[in-house]
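Please keep the sequence and the structure open while reading.

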Amino acid sequence: MLDKKHIKHFEKLVGKENVYSDKAHLIAYSYDATRTRFEPEAVVFPRDEADVSAILAYCNEHHIVITPRGAGSGFTGGALPTQGGITLGMEKHMNKILEIDMENMVAVVQPGVINMDLQKAVEEVGLFYPPDPASEEYSTLGGNVSENAGGMRAAKYGITKDYVMALRAVRPNGDIIRAGKRTIKDVAGYNIAGILIASEGTLAVITEITLKLIPKPKFTKAYMGIFPSVDDAMNAVFKSLAAGANPVAMEFMDDLVVQALKEKLGIKLPEDAGALLIGDVDGNVIEEVEFQLETLENSFKENGAQEFVVAHDAKKRDELWYARRNASPSITIFGSKKLNEDISVPRSMLPEALNRIYAIGDKYGFKVPCFGHAGDGNIHVNVMVDGSDEQQLHDGHQAIEEIFQLVVDMGGTLSGEHGIGTSKAPFMNIAFNELELNLFKSIKHSFDPNNILNPGKMGLPSS
């Protein structure tokens with residue numbers, strides 16, 4: 001247990017109203033989307049960067065473990081206080097949009113700002129922040145940066161790292177550092193901002209983020225391609241992009257997801273539909289949008305599409321996207337528990353990757369419905385098991401390990417957007433050799449020699 005003298009110090013530092021060690025708060029901050037629970041010993045809400053610096057300096061001196069936390073929406077345990085200590089809640093006070101710079105097209109925000117709140121604020125002035133993780137309505141930008149979050153618009157616009165221009169952060173000893181600049185070009189020194197992105201709060205606590213914005217496109221239309229097989233759909237993905245298509249999003253659902261959408265939600269699709277590709281195209285002139293749709297339609301049909309549907313209004317667009325938004329909840333018809341991972345492969349490898357993933361499922365007797373971001377090769381793999389059957393759970397995790405090995409052998413990666421956290425930490429040696437893992441450990445030690453910041457995450461030492 002955390003000594004009461006430490007609690008009293010934090011209360012004196014940030015006020016009693018910002019320090020909690022009651023059971024209700026400990027439970028509330030004990031879990032994330034993994035549904036795994038680890039209670040902290042206290043929850044502390046810093047009011048500003050100076051508070052963060054003072055809290056970290058004190059914890060570093062007394063070897064108190066700190067877990068930074070945004071909204072706790074992560075899927076891999078990155079914000080779980082697995083070693084106890086204190087959870088540093090950034091959402092209560094450090095949640096302000098500090099500046100929207102129209103001339104330089106950047107936004108300066110605190111880490112507790114909700115992703116969607118920034119999107120709405122910049123769109124009001126004609127600008128656009130593209131990264132759109134599925135959790136955009138509640139995930140924080142600090143969490144997005146710490147996990148390098150992606151989203152459906154990544155096919156055209158990229159992911160969080162592509163929009164981070166500069167950061168302010170606090171090292172475990174309390175030192176405040178600046179990384180990056182507001183300038184378009186900056187090649188002076190090491191790319192420290194790049195190191196902090198996706199570091200999952202293991203190196204420093206981010207206190208301010210400068211994000212690149214772009215002009216908001218004037219026109220958007222949605223499309224859906226219906227294919228007889230997953231192979232046809234996957235071949236259409238990279239062939240349409242090679243033909244000059246540049247969709248905002250290109251989301252896929254395989255035959256099992258299509259079956260689930262029909263059975264569970266009653267979505268009407270052709271009887272022989274074996275896969276779907278759904279997405280948006282955008283542009284500043286309607287001719288560009290129509291060109292994109294024509295390119296997609298021609299390429300899809302050349303690769304076996306039975307139908308190509310275009311949504312010309314918001315209502316029809318919502319209807320098309322309804323299927324993709326409900327892919328995850330619909331597949332529970334195949335099992336009470338899904339072991340879901342977000343692996344990523346080169347786009348050209350999608351057909352082979354999916355076929356080999358299905359073969360692993362067949363080997364263990366599991367249904368493995370897949371959906372995800374085909375435009376950037378990011379597959380959400382769902383090994384469906386009976387959650388009450390210990391043998392199925394064991395075999396399911398074994399299947400996941402084989403899938404990880406498969407995608408790494410194909411030039412892919414363990415995670416396209418969810419991060420590593422605790423869930424994937426045991427598999428880091430599949431993706432990286434000993435020299436590379438030791439380099440990660442050296443970077444961690446350089447920033448955090450006492451190992452107080454989020455220890456045990458990303459396959460790094462827990463003590």
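Predicted model: local features only at pLDDT ≥ 70, side-chain atom pairs only at ≥ 80, totals over all residues.

Two strands are taken to pair if DSSP finds at least two bridges between them, and in that sense Ala166 has Gly180 in E9 as its bridge partner.

**Strand E8 and its partners**

- Strand E8, which spans residues 164–170, is mostly covered, since six of its seven residues are buried.
- Towards strand E9 (residues 176–180), E8 runs antiparallel and is joined by five bridges.
- E8 and E9 form a hairpin with five residues between them, and Gly174 in that turn has a positive phi of about 100 degrees.
- E8 also pairs with E10 in the antiparallel sense, over six bridges, and in this pairing Ala169 stands opposite Ile206.

**Nonpolar cores**

- The largest nonpolar core has 55 residues, of which Met234, Leu277, Phe300, Cys370, Ile379, Val381 and Val383 touch the most other members.
- Helix H14 (residues 390–409) supplies the largest share of this core, namely eight residues.

**Val19 in strand E1**

- Val19 belongs to strand E1, which covers residues 19–20, and Val19 counts as buried because its relative accessible area is 6%, where the cut-off for buried is under 20%.
- Beyond its neighbours within four places in sequence, Val19 is in contact with Ile7, Phe10, Glu11, Val14, Val43 and Val44.
- From Val19 to Glu271 there are 252 residues in sequence, and their C-alpha atoms are 58 Å apart in space.

- His63, in the loop between helix H3 (49–62) and strand E3 (66–69), has a positive phi near 55 degrees, and His63 counts as exposed because its relative accessibility is 52%.
- Ala198, in the loop between helix H7 (192–196) and strand E10 (205–212), is not a glycine either and has a positive phi of about 70 degrees, while a relative accessibility of 29% makes Ala198 partly exposed.

How values were computed: Residues numbered from 1 in each chain as written. Heavy atoms only, no water. Core = buried A, V, L, I, M, F, W, Y, C linked by side-chain atoms within 4.5 Å. Buried < 20%, exposed > 50% of the residue type's maximum accessible area, 1.4 Å probe, protein only. Helix = DSSP H or I, 4+ residues; strand = E, 2+ residues; numbered from the N terminus. Contact = heavy atoms within 4.5 Å.
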